[in-house]
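I shall ask you to look at the sequence and the structure together, and then I shall take you through several parts in turn.

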Amino acid sequence: MMATTHALVGLLLAAGASAITGEGSLLVAAAGILGGVFPDLDLYAGHRKTLHFPVYGSLLAAIAVAGYVAVGGALALAVALFVLAAAVHAASDALGGGLELRPWEGTSERAVYDHFRGVWWRPRRLVRYDGAPEDVLLGVAVAIPGYLAYSGVVRTAVLAAVGVSVAYALVRKPMVALAEHLVHATPDPVLDYVPERFVRDMR
Ligand SMILES: [Zn+2]
């Protein structure tokens with residue numbers, strides 16, 4: 001799933017938590033959004049493994065939620081939301097496509113790494129690949145409660161995220177074709193300076 005979809009899921013969690021606790025601050029909304037995006041910062045270094053923790057993250061989220069219940073306050077809720085959104089991101093990556101250059105081909109069996117058991121979870125492909133039409137629809141669906149629950153800058157962020165999702169979905173497949181074209185058009189001596197994992201599948 002797209003990072004924007006995960007961000008919107010994080011906001012949905014924040015909106016739900018604020019509705020339950022009455023702690024409806026901007027800090028909590030921001031924590032949900034940032035926690036939803038955070039795991040994908042490993043995009044260029046061990047993607048879906050380095051910062052993705054579906055099992056340990058869920059355990060940590062349970063502890064963080066318990067921490068909020070114990071001490072209360074917007075800051076504790078924000079911490080809990082950040083950890084929870086990151087854990088939901090990691091676990092829900094298993095519902096999407098696999099790690100491959102063209103995930104719509106469905107040849108990869110790696111969705112997200114489970115550090116607890118030391119194995120990769122396989123992709124369920126309910127959302128076939130990041131930027132698929134169903135990914136955009138999912139993002140819009142989860143964005144609606146978040147949009148309605150907030151105002152001002154959060155609403156602007158929701159609209160921006162949906163806009164980025166639509167734009168990304170439109171260029172998702174042409175982007176791979178363009179990258180392949182560029183790799184083929186680049187002389188080998190130049191490509192030798194590009195890290196192998198960026199060009200491996202395209203050569
Ligand atoms: Zn991810």
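Let us begin with Asp 93, which forms a salt bridge with Arg 48; the closest N and O atoms are 3.9 Å apart. This pair links distant parts of the chain, since Asp 93 lies in the loop between α4 (74-92) and β1 (112-114), while Arg 48 lies in the loop between α2 (26-37) and α3 (56-71), 45 residues apart. Both Asp 93 and Arg 48 are buried. Please keep in mind throughout that this is a predicted model.

How many salt bridges does a search of the whole structure find? The search finds five. In general, side chains of opposite charge can pair when their charged atoms come close. Another of these pairs joins Arg 117 to Asp 114, with the closest N and O atoms 3.1 Å apart. Is Arg 117 buried or exposed? Arg 117 counts as exposed, because its relative accessibility is 56%.

Which residues are the protein donors of the zinc ion? They are Asp 40 (OD), His 52 (NE2), His 89 (NE2) and Asp 93 (OD), lying 2.1 to 2.4 Å from the ion. Two of them, Asp 40 and His 52, both sit in the loop between α2 and α3, twelve residues apart. Asp 40 is buried, as is His 52. Along the chain, the donors follow the spacing D-x11-H-x36-H-x3-D. The four donor atoms make angles of 89 to 165° among themselves, and the site is irregular.

The buried residues of α2 include Val 28, Ala 29, Ala 31 and Gly 32. Seen down the helix axis, the buried residues of α2 fall within an arc of 160°, so they line one face of the helix. On the other side of α2, Leu 26 and Leu 34 are exposed. The cover over the buried residues of α2 includes α1 (3-21), α4 and α6 (152-185).

Val 28 counts as buried because its relative accessibility is 0%. Beyond the residues up to four places away in sequence, Val 28 touches Ala 14, Ser 18, Glu 23, Ala 74, Leu 77, Ala 78 and Leu 81. The C-alpha atoms of Val 28 and Leu 81 are separated by 6.9 Å, although these residues are 53 residues apart along the chain.

Finally, we come to α3. In this helix, Gly 57, Ala 61, Ala 64 and Tyr 68 are buried. They cover an arc of only 65° around the axis, and therefore lie on the same side of α3. The face turned away from that buried side carries the exposed residues Leu 59, Ile 63, Val 69 and Ala 70. Among the elements covering the buried residues of α3 are α1 and α4. After α3 comes Gly 72, whose phi is positive, near 70°.

Thank you for your attention.

Key:
Residues numbered from 1 in each chain as written. Predicted model: local features only at pLDDT ≥ 70, side-chain atom pairs only at ≥ 80, totals over all residues. Heavy atoms only, no water. Salt bridge = Lys/Arg side-chain N within 4 Å of Asp/Glu carboxyl O. Helix = DSSP H or I, 4+ residues; strand = E, 2+ residues; numbered from the N terminus. Buried < 20%, exposed > 50% of the residue type's maximum accessible area, 1.4 Å probe, protein only. Donors = N, O, S within 2.8 Å, 3.2 Å for Na, K, Ca; no water. Tetrahedral: all angles 85-135°; square planar, octahedral: opposite > 155°, others 65-115°. Arc of directions from axis to C-beta. Contact = heavy atoms within 4.5 Å.
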